[in-house]
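Student: Could we go through this structure together, one question at a time? I would like to see how each answer is reached.

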Amino acid sequence: MSMRSQMTGNPFLESVPEQLDRGTFFRRIYGKPPFPPDMANITQQERHVCLSYLSGLYIPMDYLYTVYDILLRAIRTTYTTKTMLDTVRQMQALRDHGSAGFATQAQSGSLLGVPGIGKTSAVRRCLSLLPQCITHTEYKGKPFYKKQILYLFVECPADCSIKTLAYSMIAAVDRAIGSEYFRIAARQSRLSASALVTQVKIICLNHGIGLIVVDELQNVISTAEKNRQIKPLIKFLVELVNDTCTSLYFVGTSEADQLFSQQEHLKRRTRGLRLLPLKPDAAYRTFLEQVWQYQVTPGRMVLTDAAANRIYDHSGGIPSYILQIFQESQAQALTQGKHCMDEQDIKQAIELLSLSVPKRYAAGTSLSDFSVPVIEEQGLMDTDTAEAEVKRLYAKPRGRKAKARSADDLLELWKRTGRADAFCELLIDCGLAERMV
């Protein structure tokens, strides 16, 4: 029995697009700056303009496919938790009692990481591969009029206000389907927060919203410490998931993890990726080499190990910082009328940007750790080859220099032998041990 045949009777689930394969996904998500085709013939002023186009450069990394898979599964989970009849019953229960009374089975989680690592852009680009709104006119030959919303993307309010977040969700629905829910709700100035929340729940059910992404979750941290308004907001989001079976995902910096870890019920609902910057390994070098192709200067600087070292040491492996250094280095070269940028321009760009990255991070997974081994037609790659460590090539060596050891040092003697029996004989010959009879 095929997967599509198992979805019979659920038009929302059947309309969810198929998951893209890795190759198609990366081709579609790649973002190239709109440089003119005749770059060699443009003027110096036009090259300055091209620098601003670098903001459109997006180099996809392996972790993006994991994010795409998580979000798509969350949407499907929403539509597998209830039938159309369940949806009608939930809407009626909300209108009558303000609560649907359904136990949640929808998926919830979070995507947290250090600032500048590209969380928001990753989620937005992954969701952009899906249609936000699907208009139904018939199902199995019978009239079926419904505007289905696969996802909503809203920002967490800095004031932790339930009303602010509810209005943001309603406005996001209007942008997705061209409705006027926000105008109608805004007219009701005396509408209580609980009544507004009920309207949001009904809208979620009416349009079959599959996923709600709440971005900038770290906004609530400072407010929560000042006036303790975080609990009502979190309670609203939990009720929204419970009553509508709509999947919910949080996006924010690692600071939000401190809030989640304080309460057990939030730990369970906010499982997910904790992203750390690139390591100074082959993944970093590959990313930097791809970025290096988009030089707007008349000549091209060759990427040296020294330049890669310097950029990593000051960017900390954070992709947005790497791009800022790359962009500003070219700006310095163009301003001085150079043919191409050099290491002095990179140094000046770093000083100008005044970048500061933390020395330590909380627990998480580096962007470098998402590299997936290539699967050959004959089978999987050899395990030893696939999991071989990449030497730390591109960062400046850390720690104290190794001291020179004397020839009769125990470590030097061990290096000369390499075997336990030969090592013991050598110690006896050197008078450093004696044989027991």
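This is a predicted model: local features need pLDDT of at least 70, side-chain atom pairs count only at pLDDT 80 or more; totals for chains, interfaces and linings use all residues.

Student: Is Cys-245 buried or exposed?

Tutor: A residue counts as buried when its relative accessible area is under 20%. Cys-245 has a relative accessible area of 2%, and its phi is near 55°, a positive value in a residue other than glycine. With that accessible area of 2%, Cys-245 is therefore buried.

Student: Ser-354 also has a positive phi although it is not a glycine, so is Ser-354 buried or exposed?

Tutor: Ser-354, whose phi is about 50°, lies in the loop between H18 and strand E8 (365–366). The cut-off for exposed is over 50% relative accessible area. Because the value for Ser-354 is 57%, this residue is exposed.

Student: Which residue in E6 is the bridge partner of Ser-108?

Tutor: Strand E1 pairs with strand E6 (residues 247–253) in the parallel sense, over six bridges. Four bridges also join E1 to strand E7 (residues 272–276), again running parallel, and there Leu-111 stands opposite Leu-273. On the E6 side, the bridge partner of Ser-108 is Leu-248.

Student: How is helix H16 oriented relative to helix H18?

Tutor: Helix H16 (residues 305–315) and helix H18 (residues 343–353) pack with their axes 10 Å apart, at an angle of about 5°. Since angles under 35 degrees count as roughly parallel, H16 is, relative to H18, roughly parallel.

Student: How many nonpolar residues does the contact of H16 with H18 have?

Tutor: From H16, the residues Ala-306, Ala-307, Arg-310, Ile-311 and His-314 meet Glu-343, Ile-346, Lys-347 and Ile-350 of H18. By class, this contact has three charged residues, one polar residue and, as the number you asked for, nonpolar residues numbering five.

Student: What distance separates the C-alpha atoms of Leu-205 and Asp-243?

Tutor: Leu-205 is in helix H10 (residues 193–206), and it counts as buried because its relative accessibility is 2%. Leu-205 and Asp-243 are 38 residues apart along the chain, and their C-alpha atoms are separated by 9.1 Å.

Key
Residues are numbered from 1 along each chain as its sequence is written. Side-chain values use heavy atoms; hydrogens and water are left out. Helices (H or I, at least four residues) and strands (E, at least two) are DSSP runs, numbered from the N terminus. Buried means under 20% relative accessible area, exposed over 50%, partly exposed in between (1.4 Å probe, protein chains only). Two strands pair if DSSP finds at least two bridges between them. Axes are lines fitted to C-alpha atoms, for helices over the stretch in contact, and angles run from 0 to 180 degrees between N-to-C directions. Angles under 35 degrees count as roughly parallel, over 145 as roughly antiparallel, 65 to 115 as roughly perpendicular and the rest as oblique. Contact means heavy atoms within 4.5 Å. Ala, Val, Leu, Ile, Met, Phe, Trp, Tyr, Cys and Pro count as nonpolar, Asp, Glu, Lys and Arg as charged, and the others, Gly among them, as polar.
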